[in-house]
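Subject: Structure handover

Hello,

Here is the structure I said I would pass on. My notes on it follow below.

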Amino acid sequence: MKSILSRPLSLKSNEHLYCPGCGHGIIHRLVAEVIDELGVREKTIGIAPVGCAVFAYDYFNVDVTEAPHGRPPAVATGIKRVLPDRVVFTYQGDGDLAAIGTAETVHAANRGENITVIFVNNAIYGMTGGQMAPTTLLGQKTATTPAGRDLKRDGPPLKVCELLSQTQGAAYLERVAVNNPKNIIKAKKAIKKAFQNQINNKGFSLVEVLSMCPVNWAMTPNESIKWIDEVFLKTFPLGIYKDKQ
Amino acid sequence: MNKILLKGNIALCEGAIAAGCQAYFGYPITPQNEVPAHMSKRMTELGRVFLQAESELAAINMVLGAAGTGALAMTSSSSPGISLKQEGISYLVGCELPALIVNVQRGGPGLGNIAGSQGDYFQSTKGGGHGDYRMLVLAPSTVQEMYDFANMSFGLAFKYRNPVLILADGVVGQMMEPVTIVTSDQKPVTSKDQQQIAWALTGAKGRPPRFHRSLLMDDGALEKLNWKLNEKYNSIKKNEVRYESENIEDADIILVAFGIAARVAKVAARKAREQGIKAGLIRPITLWPFPEKVIADNAKPGRKFLVVEMNLGQMVEDVRLAVNGKCPVEFLGRPGGGLVNEQEVLQEIKTIAK
Ligand SMILES: Cc1ncc(C[n+]2csc(CCOP(=O)(O)OP(=O)(O)O)c2C)c(N)n1
Ligand code: SF4
């Protein structure tokens, strides 16, 4: 019998603790497949964030370290500078990367730090119970915007790819989504390119992945898949925001 | 072995470099600016890592990353910057990673001033960051010690897998003195060496993957880690206490002071002796572990202690604990960048002696 699908070697067999319908599980698998396909598992070091993906060390079958909330790009910089021939990636949520860690993100990108950033944008703080994130949409109800995000009070959603496209050091910025098979295939291509860029010494690459958080969106998994297409994408259009040749 | 005239902050850099420091991450703040400036030149010349971070938060987290790979990593700052570094320090301790952190203290609280101060004693020895943790804290009082302590702290940090803090102050950082440079044959660690370290994250080549984490949610797991850390702290307390003492055997008054204040206190104690008052000095070199035994052993009825610090009275609390009510403990201090002088200390000795 020919096996056509199996667990990527870069993913441990531990059961994920993510909620049903959560995008993190899909994105983990894509990252693991890419690491396998590029044959870099034994030289990869991952950085786990604060947020739902904090247990990344239990899921990825590579060396993984933790970082304080928002600091993965700085931790990655420290690793990459002393071990430039290793493959270093961070895996961060929107609260982690775009709120408390904005400075670390902008400066790692601006320096052209040769790392790969997987940025999971689910428009909300998942782990702490669904509070407003920098990426929360205008009008979106969260635990801390019970009447919906208000432009005057809370400011507009922060667009990370657009923002980072202004930095000279960013080599590759793409926004993808994991809400249907077609998008998932595109997301994997982007993630692969972000890792390949690092191997080719191209500098800072970030893939922003629009992802479902059904629990905190108070939706069923199916509704949240639809919400990405019908609402989320309107504020955060998919596409390549920078691709330095 | 050769002797050269160096500024404290530069001696510190050279000591760390001689120990094989592989990576320095920092951010400018007076009065330690010579450190990033000197490191930017020397580390680059030597083909090692220097990076000016965008903030102290970033710098200490770069250290966290580098330290996780088994590299000898270092950062330096001054008081307000060290406050920002507390986040990463707590994580370094939680993940049991070695690193050298240097605080060339200035006056506080807040933005304070840029004069030498000892206002960060509590922050350094009692935590500062969150959680139940300790750091080895070394207090240099000469430029030679800036060199020597930087040189030996990587060894200590690696021995215990714990960050080591050098608590200097603006005066020691800025003054110039002759320094004996120990030409060491220590080579910087290579990435091959790093691969030999049993806990280092270097990529899981030919071995199961490793991870560093301080998040321990399982029932009792974090308590277990804390007890394990406690054992480590006990062994540091047993093995690493360092202090200097002078003329304490027959002393009626024992001065206790660290860092630059200890140099002033030493001269004052000697002058007091010339004037017929039996004074001596204990200078804690490790502020943690605190040399409590030598103080306890010398606390006898009829004696008096005088603690001299450049703050409102921080170490005096540890001295009082060690003395444990056996004799009076007096305090003389100047906060906010004030420097105690010999005359003041001598006057205080005379007042107490009466
Ligand atoms: C310094 C600090 N502040 C706050 C927290 C609490 N905290 C944990 S996770 C989180 C939000 C994470 O949200 P996000 O990065 O969007 O990830 P998600 O959970 O949505 O995957 C916060 C605020 C923390 N751990 N550390
Ligand atoms: S809270 Fe949201 S992001 Fe977190 S695991 Fe559940 S669905 Fe996923």
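The rule finds 4 salt bridges across the interface of chain B and chain A, a salt bridge being a side-chain nitrogen of Lys or Arg within 4 Å of a carboxyl oxygen of Asp or Glu. One of these joins Arg207(B) to Asp63(A), with the closest N and O atoms 2.7 Å apart.

This is a predicted model, in which local features need pLDDT of at least 70 and side-chain atom pairs count only at pLDDT 80 or more, while totals for chains, interfaces and linings use all residues. Residues are numbered from 1 along each chain as its sequence is written, chains are lettered from A and ligands numbered from 1 in the order in which they are written, and side-chain values use heavy atoms, with hydrogens and water left out.

In contact (heavy atoms within 4.5 Å) are 37 residues of chain B and 34 residues of chain A. The two chains bury about 2800 Å² between them, 60% of it on carbon and sulfur atoms; buried area is the accessible area (1.4 Å probe) that two parts lose on being put together, summed over both. On the chain B side, Glu54(B), Pro209(B) and Arg213(B) lose the most area to chain A, together 18% of what that side buries.

There is also strand pairing (at least two bridges found by DSSP). Strand β2 of chain A (residues 63-66) runs parallel to β9(B), joined by 2 bridges; strands here are DSSP runs of E, at least two residues, numbered from the N terminus. Within this pair, Val64(A) stands opposite Phe211(B).

Regards

Notes:
Helices (H or I, at least four residues) and strands (E, at least two) are DSSP runs, numbered from the N terminus.
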